[in-house]
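These are my notebook entries on one structure. I set down what I looked up, topic by topic.

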Amino acid sequence: MTYVVTEACIKCKFMDCVEVCPVDCFYEGENMLVINPSECIDCGVCEPECPAEAILPDTESGLEQWLELNAKYSAEWPNLTAKKDAPADADSHKGEEGKFDKYFSPEPGEGD
């Protein structure tokens, strides 16, 4: 099992999860984070820290596409080990539906 970041992170990118991760398995895209499933130790400390409720265990049904996306982009985006400020408009995107089709960007973030 591993944890995955889902669509709820897009345009929110709160980063509270990064601060508690003991193995630094988060990677930063332009407008979301992903978890490297090979590095995740399944500790679960990140899940309750996410204000957008974007982190879920991959054992939940329907998360296959998110596991693939996390694996793909964690290999391409820079590692992130320290919390940064969330985007100014993050709260306005919390709970929004259809964010992947509207906003997803494959571009990398800055990382550390």
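**Aromatic rings**

I began with the aromatic rings and found that ring pairs link W66, Y73, W77, F100 and F104 into a cluster. Rings of Phe, Tyr and Trp (its six-membered ring) pair when their centres lie within 6.5 Å; planes under 30 degrees apart are called stacked, those over 60 edge-to-face, and the rest tilted. The model is a predicted one, in which local features need pLDDT of at least 70 and side-chain atom pairs count only at pLDDT 80 or more, while totals for chains, interfaces and linings use all residues. Residues are numbered from 1 along each chain as its sequence is written, and side-chain values use heavy atoms, with hydrogens and water left out.

How many aromatic pairs are there by this rule? I noted five aromatic pairs. One of them is formed by W66 and F100, edge-to-face, at 5.7 Å centre to centre and with 90 degrees between the planes. This pair links distant parts of the chain, since W66 belongs to helix α2 (residues 64–74) and F100 to helix α4 (residues 99–103), 34 residues apart. Helices (H or I, at least four residues) and strands (E, at least two) are DSSP runs, numbered from the N terminus.

I then looked up accessibility, where buried means under 20% relative accessible area, exposed over 50%, and partly exposed in between (1.4 Å probe, protein chains only). W66 is buried at 7% relative accessibility, whereas F100 is partly exposed at 28%. F100 also pairs with F104: the ring centres are 4.8 Å apart and the planes stand at 25 degrees, so this pair is stacked. F104 counts as buried, with 18% relative accessibility.

**Charges over rings**

Next I looked for charges over rings, which requires NZ of Lys or CZ of Arg within 6 Å of the ring centre and within 35 degrees of the ring normal. The charged end of K72 sits over the ring of Y73, at 5.1 Å from the centre. K11 has its charged end over the ring of Y103, 5.2 Å from the centre of that ring.

I returned to K11 for its backbone. K11 is in the loop between β1 (3–5) and α1 (16–20) and is partly exposed, at 24% relative accessibility. Its phi is near 70 degrees, a positive value in a residue other than glycine. Most residues other than glycine have a negative phi. K13, in the loop between β1 and α1, has a positive phi too, near 45 degrees. Is K13 buried or exposed? I recorded K13 as buried, with a relative accessible area of 8%.

**Cysteines**

How many disulfides does a search of the whole structure find? The search finds zero disulfides, a disulfide being a pair of cysteine sulfur atoms within 2.5 Å. C12 is in no disulfide, and its nearest cysteine sulfur, that of C9, is 7.1 Å away. C12 is buried, with a relative accessible area of 0%. C25 is likewise in no disulfide; the sulfur of C21, the nearest from a cysteine, is 3.7 Å away. C25 counts as buried at 3% relative accessibility.

I also looked up C17, which is in helix α1 and is buried at 6% relative accessibility. Contact means heavy atoms within 4.5 Å. Leaving aside neighbours within four places in sequence, C17 is in contact with F26, L33, C46, E49 and I55. C17 and L33 are 16 residues apart in sequence, and 9.6 Å apart in space from C-alpha to C-alpha.

**The sheet**

In β3, L33 is the bridge partner of E28. Three bridges join strand β2 (residues 26–28) to β3, and the two run antiparallel. Two strands pair if DSSP finds at least two bridges between them. The open sheet has three strands in the order β3-β2-β5, with antiparallel pairing. I noted that β3 (33–35) and β5 (79–80) are at the edges, each with a single partner strand, so one side of each has no neighbour in the sheet.

Helix α2 lies across β2 and β3, running at about 100 degrees to β3. Axes are lines fitted to C-alpha atoms, for helices over the stretch in contact, and angles run from 0 to 180 degrees between N-to-C directions.

**A last residue**

My last entry concerns S92, found in helix α3 (residues 90–93). S92 counts as exposed, at 56% relative accessibility. S92 and Y3 are 89 residues apart in sequence, and their C-alpha atoms are 25 Å apart in space.
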